[in-house]
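Look over the sequence and the structure below.

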Amino acid sequence: MKKLLSMLLVLALAMSLCTVASAEEEKTIVTFWHHASGGALYDVVKDSVDTFNATIGAEKGIEVQETYVGSYHDILSKVQLSVTSGDQPTVAVSGLFQIAPQVEDGILADLRPFCEADGFDLSNFLDCFQEVYEADDGRVWAFPYVRSTPLFFYNKTLADEKGLTAPTTIEEMEEFCKAFYTVDENGNTLVYGLEIPSQSFTYGTVSPAQLGSSYISADRKSSPCLEDGTLLKIFSDYRRWVDEGWCKPYDAQGGSAMMERLFTGKLGAILNSSGGLISIETGMKEGGYEMGVAPFPYYAEGKPFVSIGGGSISLIAEGNSEEEQQAGWEFIKFLMSDEMIYRNSVGTGYIPFTKSVAEYEPMIEYWEEHPYARVAYDQMEYGEAQEKGVIPQMTEYMNAGFEALDLLIQAQTITAEEAIEMMKTTTAEYFE
Amino acid sequence: MNTYSDQLASKEELRRISRARRRAQFMRRLPGDIVKLAIVILFVFPFYWMISTAFKSYIESIQTPPTLWPHTFTLENFSAIGEMNIDLPMYFKNSVIITATTIVLQLLIMIPAAYAFAKRDFPFKGVLFGVVLLAFMIPGQLTYISIYLMMAKAKLLQTLWPQILPFGANAFGIFMLRQSFKQIPEEILESARLDSASEFQIIMRIMLPMSKSAMITIAMFSFISIWNNYFWPLVMTTNEAVRPLTMAIQKLRDSGDNAIRWNVLMAGNVILVAPVLVIYMFASKKILKAFAYNGLK
């Protein structure tokens, strides 16, 4: 009996192993690698895939299989590895600075021929995305997908109690956030005014462009903001806010603890990605508060400017047959439809990145019911994609800024001047 | 001659001495017991925290100061997992298959290897054992790229095998089982050979029954490490259909941009850890025995 049971067990295991990835029917498989590990974004990804498979996929014999692969960096590494092993995806999400290495490696497919064949209108993308995805030779390597922009989120319930109006400038933001700041008789902070989730967020969003400067010069040979004092002003202001106590320095736990403070009324406002809008709204509601959203504040002496981050989507040419590429294109095209862009934005808070979606009836209705959801779209008027005007060592350049901010804001062991000097020293070789 | 009252007095004296001894013993042991209790709390508290958080509402799970026990006891976190876009039974099934097959494979390789290293003589035995120990020390992070390419070449990436085959030879298990086999007296094996027992019979009838505790311990450690493996499935798989439960739990972690739903995540962890705890409860005595027997305790 024991032997029989053992044999049955072994047989069952063997059968399971053989049948796990059973041969697909006569369908073209599109493997879609993404970074959505869970939550609202994963729900949107899953919904897109399921809807495609049930509609266009069923009609054209295409099946999309989605897989979470890791962060943008993980996706890049794994795509590069997979093309050498022949197990590459058909469609993949990429971060801002991960497109260029794939273009250099010849991994990506040029989307222009597909656009021309299907009459896909590239000019329908918002103006801030024009010229971002097109190379100088006219080839198109990616489309916007999960693009986000920083917004000013605040506790509207507390703000209304204090009679505060949402700020538009950095100077107004200071006063607005200071009003939340509460300490007890022992000097312990009960409510902070402002928190920014991480060094990368600060660095990537509070841009010197608001003050008329830039990280990288037009000729890519210098970093103007390190020389003209604009980044010094931004860093000095941030440090001053922290020193004054009302602004909480970002902590090692990432943004999670920050969100918890916001949801439980221990924090008045945050600067955060629009991609978190739905999560923030839900969390604040559970905490008994109403969420307020305002455009990203700008320096009064400067001009409104906001950077656009997030991810893009590409078609992998290397190792994929023409039929597979065509199937992948069908999926990408589907994601660019008004309906899917609308669903993506409503489900997460990511920017609806086309012009036509603003005239899509469900989107209009949603914006009418939830005016805060339109803030991100409206500020695209003065938005600029972060991958514009970059150097090949942009990741390293950004990391130099992260390290400087860590010491300035988190460890508080250097001054803003020393942070700028540190950056200058580290990044000098990129401009030689 | 003792009177009755003298006898009572001496009994009372004995009781007093006994009480004093017990008190002295108690006081002597107290610091050690406090340290042991602190260690137990240190190890048990994270489990307690995981379980209690799994039954809290989101807001209660993030409030400061934290609550030690759920004020509003809820099962919604478990039902929330069920309502998510996650095919939990599929991931669970994959985890069971991967873990069970790997352990069976490990035992098939480990037992003869450990027996040979412990009881047989052959050329380059020391060097080969050194190679086993070397394998024990190389982390998966160093080998995964070459293994990934091998698996891709063998067209196995869309199956469960890349999560099983690389763990088939358990270097730690071979080492530990060899130590256990070495403690079995040679005379027992000699007398079995005199009774015409084959090597296979010696392994099955003598070595394994006498090393049952070590076997269970190794299997338990393997079970925990394979069941909880996250890195390997992440880098080795490109298809949700072949991913284990740990990958599903990761989906619960990022249930909001920057806002981790600790209550749901902990409910997921309870599901993940439950089989490990159940098996540990059955195997704990054997594990203690194995370490005591091997002089590692």
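Pro65(B) sits in the loop between α2 (58–62) and α3 (76–83) of chain B, where helices (H or I, at least four residues) and strands (E, at least two) are DSSP runs numbered from the N terminus. The peptide bond that leads from Thr64(B) to Pro65(B) is cis, with omega near -5°. This is a predicted model, in which local features need pLDDT of at least 70 and side-chain atom pairs count only at pLDDT 80 or more, while totals for chains, interfaces and linings use all residues. Residues are numbered from 1 along each chain as its sequence is written, chains are lettered from A and ligands numbered from 1 in the order in which they are written, and side-chain values use heavy atoms, with hydrogens and water left out.

**Positive phi in chain B**

- Phe124(B) is not a glycine, although its phi is positive, at about 60°.
- The loop that holds Phe124(B) runs between α4 (88–119) and α5 (125–137) of chain B.
- Phe124(B) counts as exposed, with 65% relative accessibility; buried means under 20% relative accessible area, exposed over 50%, and partly exposed in between (1.4 Å probe, protein chains only).
- Lys155(B), also not a glycine, has a positive phi of about 55°.
- Lys155(B) is found in the loop between α6 (140–153) and α7 (171–182) of chain B, and is exposed at a relative accessible area of 73%.

**The two domains of chain B**

- Chain B is divided into domain 1 (2–54) and domain 2 (81–290), with bounds that come from an automatic or database domain assignment.
- The C-alpha centres of domain 1 and domain 2 of chain B are 41 Å apart.
- In chain B, 5 residues of domain 1 are in contact with 8 residues of domain 2, contact meaning heavy atoms within 4.5 Å.
- Between these two domains of chain B the buried area is about 520 Å², and carbon and sulfur atoms give 91% of it; buried area is the accessible area (1.4 Å probe) that two parts lose on being put together, summed over both.
- On the domain 1 side, Met50(B), Thr53(B) and Ala54(B) lose the most area to domain 2 of chain B, together 76% of what that side buries.
- The count of salt bridges between domain 1 and domain 2 of chain B is 0, a salt bridge being a side-chain nitrogen of Lys or Arg within 4 Å of a carboxyl oxygen of Asp or Glu.

**Where chain A meets chain B**

- The contact takes 40 residues from chain A and 42 residues from chain B.
- About 3,400 Å² is buried between chain A and chain B, with 58% given by carbon and sulfur atoms.
- There is 1 salt bridge between chain A and chain B.
- Arg261(B) and Glu286(A) form a salt bridge, with their closest N and O atoms 2.6 Å apart.
- The side of chain A that touches chain B has 13 nonpolar, 19 polar and 8 charged residues; Ala, Val, Leu, Ile, Met, Phe, Trp, Tyr, Cys and Pro count as nonpolar, Asp, Glu, Lys and Arg as charged, and the others, Gly among them, as polar.

**Helix α14 of chain A**

- In α14 (residues 338–348) of chain A, the buried residues include Met340(A), Ile341(A) and Tyr342(A).
- The cover over the buried residues of α14(A) includes α2, β4 (143–148), α12, α13 (322–335) and α15 (361–369) of chain A.
- Gly349(A) follows α14(A) and has a positive phi, near 115°.

**Salt bridges within the chains**

- Over all chains the count comes to 38 salt bridges.
- Asp127(A) and Lys355(A) are joined by a salt bridge of 3.0 Å, N to O.
- Asp127(A) lies in the loop between α5 (112–118) and β4 of chain A and Lys355(A) in the loop between α14 and α15 of chain A, so this pair ties together parts that are 228 residues apart in sequence.
- Asp127(A) is exposed at 57% relative accessibility, whereas Lys355(A) is partly exposed, with a relative accessible area of 33%.
- A salt bridge also links the side chains of Arg147(A) and Glu387(A) (2.8 Å, N to O).
- Arg147(A) is in strand β4 of chain A and Glu387(A) in the loop between β12 (383–385) and α17 (394–410) of chain A, so the pair ties together parts that are 240 residues apart in sequence.
- Both Arg147(A) and Glu387(A) are buried.
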